Amino acid sequence: VIIVIKNRSSTHLGIRLKTIADMVDECEVLVDIGTDHGLLPIYLLEKKIIIKAIATDICISPLEQAKKNAKKKSLLNKMDFIVSDGLNKINKKFNYIVIAGLGTRTIVNILKNAKIKLNKDHKIIVQSNNGCYLVRKWGYLNGLIIEDEKMIKENKIYYEIIKFKFDDNKNKVLYSENDLIFGPILLKNKDLLLKERIEKEQEKLLDIIKKIPKNKTLETRNVTLKYDRNKEILDYLNL
Ligand SMILES: C[S@@+](CC[C@H](N)C(=O)[O-])C[C@H]1O[C@@H](n2cnc3c(N)ncnc32)[C@H](O)[C@@H]1O
């Protein structure tokens, strides 16, 4: 009996990256900011969802790995590898941007610096590692609307993925504070993973509330506010 163990780690997309890939529309050039291993653009090229990819990273060593991965798939002629902080060094034309696996403040900074290079033809997919409020808020204040949103769970971690496009009519879409915190589409769809995530958070918040000494009123107030807001959303999701 011959057992073949395939090493999937170098090319296998996990649930998170696969969900992001599924949200990308067919397009010509996609920039993957902070590409690291380059797995996302390689997959999109292989599936012919995109024609060319610009893989960028702030560090050179991930890009070298991405290059090796692309070479294995004979995709070097369809990819550019550029060391760049966000879009700073990108002067070629592109249609799509993906920024995944970075912190929310880094993502907002990248978007702020990239704003001058962005226009109505661009779509942006973002997956932050630590919450999406600031990213949604930045998008909202800068003429973007949320076309799609997904929540996934990989290795017990919840991830939100947001697809933005530019709003043709700035006054048409209005987001409430709850939309920006929890995600307008996740709320509208009464997303089950969103519900699960909030329920887990509520357990932790209750624990914290019980442990805060009685004299720490400000801390109690902040945690209680969060608990109450979550409760309001859970009541809505449970309707
Ligand atoms: C955790 S990896 C995420 C890789 C891949 N995007 C994913 O979602 O699996 C983050 C990568 O972003 C790169 N990075 C961090 N800050 C960056 C920035 N300002 N511009 C471009 N790349 C950045 C890091 O060097 C690292 O390779």
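Asp25 and Lys123 form a salt bridge, with their closest N and O atoms 3.3 Å apart. The two residues sit in distant parts of the chain, 98 residues apart. Asp25 belongs to the loop between helix 1 and strand 1 (27-33), and Lys123 to strand 5 (residues 123-128). The model is predicted.

**Salt bridges around Asp25**

- Asp25 also pairs with Lys163 in a salt bridge, at 3.1 Å from N to O.
- This second pair links distant parts of the chain too, as Lys163 lies in strand 7 (residues 157-166), 138 residues from Asp25.
- Is Asp25 buried, partly exposed or exposed? Asp25 counts as partly exposed, because its relative accessibility is 29%.
- Lys163 has a relative accessible area of 5%, so Lys163 is buried.
- A network of salt bridges links Asp25, Lys123, Glu147 and Lys163.

**Salt bridges elsewhere**

- How many salt bridges does a search of the whole structure find? The search finds 17.
- Glu201 counts as partly exposed because its relative accessibility is 23%.
- Lys226 has a relative accessibility of 41%, so Lys226 also counts as partly exposed.

**Arg16, a charged side chain without a salt bridge**

- Arg16 is placed in helix 1 (residues 15-23).
- Arg16 is buried, yet has no salt bridge.
- Which side chain of opposite charge is nearest to Arg16? That side chain is Glu154, 4.0 Å away.
- Arg16 does have a polar partner: its side chain makes a polar contact with the side chain of Gln127, at 2.7 Å.
- Leaving out residues up to four places away in sequence, Arg16 touches Ala100, Gly101, Gln127, Ile152, Glu154, Tyr159 and Ile161.
- Arg16 is also listed among the closest residues to the ligand.

**The ligand shell**

- The ligand is surrounded by 18 residues.
- The closest of these are Arg16, Gly34, Asp57, Asp85 and Gly86.
- At Gly34, a backbone N or O atom lies 2.8 Å from a nitrogen atom of the ligand.
- At Ala100, a backbone N or O atom lies 2.9 Å from a nitrogen atom of the ligand.
- At Ile58, a polar backbone atom is 3.2 Å from a nitrogen atom of the ligand.
- How much of the ligand does the protein cover? The ligand has 610 Å² of accessible area on its own, and the protein covers 80% of that area.
- Helix 1 and strand 4 (96-102) are the elements that give two or more residues to the shell.
- Strand 4 supplies the largest share of the shell, three residues.

Definitions and conventions: Residues numbered from 1 in each chain as written. Predicted model: local features only at pLDDT ≥ 70, side-chain atom pairs only at ≥ 80, totals over all residues. Heavy atoms only, no water. Helix = DSSP H or I, 4+ residues; strand = E, 2+ residues; numbered from the N terminus. Buried < 20%, exposed > 50% of the residue type's maximum accessible area, 1.4 Å probe, protein only. Lys, Arg positive; Asp, Glu negative; His and termini not counted. Polar contact = N/O pair within 3.5 Å; in protein donor to acceptor, adjacent residues only side chain to side chain. Contact = heavy atoms within 4.5 Å. Near = heavy atom within 4 Å. Areas by Shrake-Rupley, 256 points an atom, 1.4 Å probe, with all protein chains shown as cover.
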